[in-house]
Structures are given as C-alpha cells and as structure tokens.
Amino acid sequence: MRKFLEFYRDNKLNIIPLRANEKVASIAWKNYQENMSTAEEHARWFAHDDTSPTHLNVGIVTGSISGVIVLD
C-alpha cells in the first residue's frame with residue numbers, strides 16, 4: 001500500500017480514505033479540495049497492523065487540486 005500512496009503523492013494526486021467497498025469518504029473531505037493531504041495523514045489513515053487492521057479504499061480528490069476530471 002505504501003508504494004501506491006507514494007506514487008499518488010509523487011504524481012500530485014490528492015488522496016483521501018474511502019469506506020471499505022464504497023465510494024464514500026471516511027473523513028470530512030471538503031478541506032482536501034483546496035489542501036493537499038500529507039504523508040503523515042496517509043500514514044495515519046492507512047496504517048494497520050495485525051491487531052487493528054484498517055480496511056479502507058483510496059480515493060483521489062478530483063478537480064483542480066489533482067488536475068483530474070471524471071466523466072461518468
């Protein structure tokens with residue numbers, strides 16, 4: 001997972017955690033439309049160990065912050 005998070009960050013894609021198996025943010029995300037998430041936040045959001053696994057999806061904040069648009 002760390003490699004993917006680094007890839008997104010290195011490519012200026014702003015990411016947030018999504019609920020497992022959903023396309024719904026697991027955090028208040030509006031702030032991230034204008035502010036990049038940090039490596040520290042990524043580590044906290046997606047950290048897991050054998051005693052407390054975190055099952056989250058990775059979402060990319062679209063729009064000008066990441067330079068990405070989505071057509072559905």
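Author: Start with the fold. The protein chain of this predicted model has 2 helices and 2 strands. Read from the N terminus, their order is α-β-α-β.

Reader: How do you know that the radius of gyration of the protein chain agrees with a compact globule?

Author: Compare two values. A compact globule with 72 residues would have a radius of gyration near 11 Å, and the protein chain has 12 Å, so the two agree. Along the principal axes, the C-alpha trace spans about 40 × 25 × 20 Å.

Reader: What makes E22 and R19 a salt bridge?

Author: Distance. The closest N and O atoms of E22 and R19 are 3.7 Å apart. The cut-off is 4 Å between a side-chain nitrogen of Lys or Arg and a carboxyl oxygen of Asp or Glu, so the pair qualifies. The structure holds 1 salt bridge.

Reader: Why is E22 called partly exposed?

Author: Its relative accessible area is 35%. Buried means under 20% and exposed means over 50%. E22 falls in between, so it is partly exposed.

Reader: What share of the 72 residues in the protein chain is buried?

Author: Buried residues make up 25%. The accessible surface of the chain comes to about 5500 Å², with 52% belonging to carbon and sulfur atoms.

Reader: How many side chains are positive, and how many negative?

Author: The protein chain has 8 positive and 9 negative ones. The centres of the two sets lie 3 Å apart.

Key. Residues numbered from 1 in each chain as written. Predicted model: local features only at pLDDT ≥ 70, side-chain atom pairs only at ≥ 80, totals over all residues. Heavy atoms only, no water. Helix = DSSP H or I, 4+ residues; strand = E, 2+ residues; numbered from the N terminus. Rg over C-alpha atoms; globule rule 2.2 N^0.38 Å. Buried < 20%, exposed > 50% of the residue type's maximum accessible area, 1.4 Å probe, protein only. Areas by Shrake-Rupley, 256 points an atom, 1.4 Å probe, with all protein chains shown as cover. Lys, Arg positive; Asp, Glu negative; His and termini not counted. Charge placed at Lys NZ, Arg CZ, Asp CG, Glu CD.
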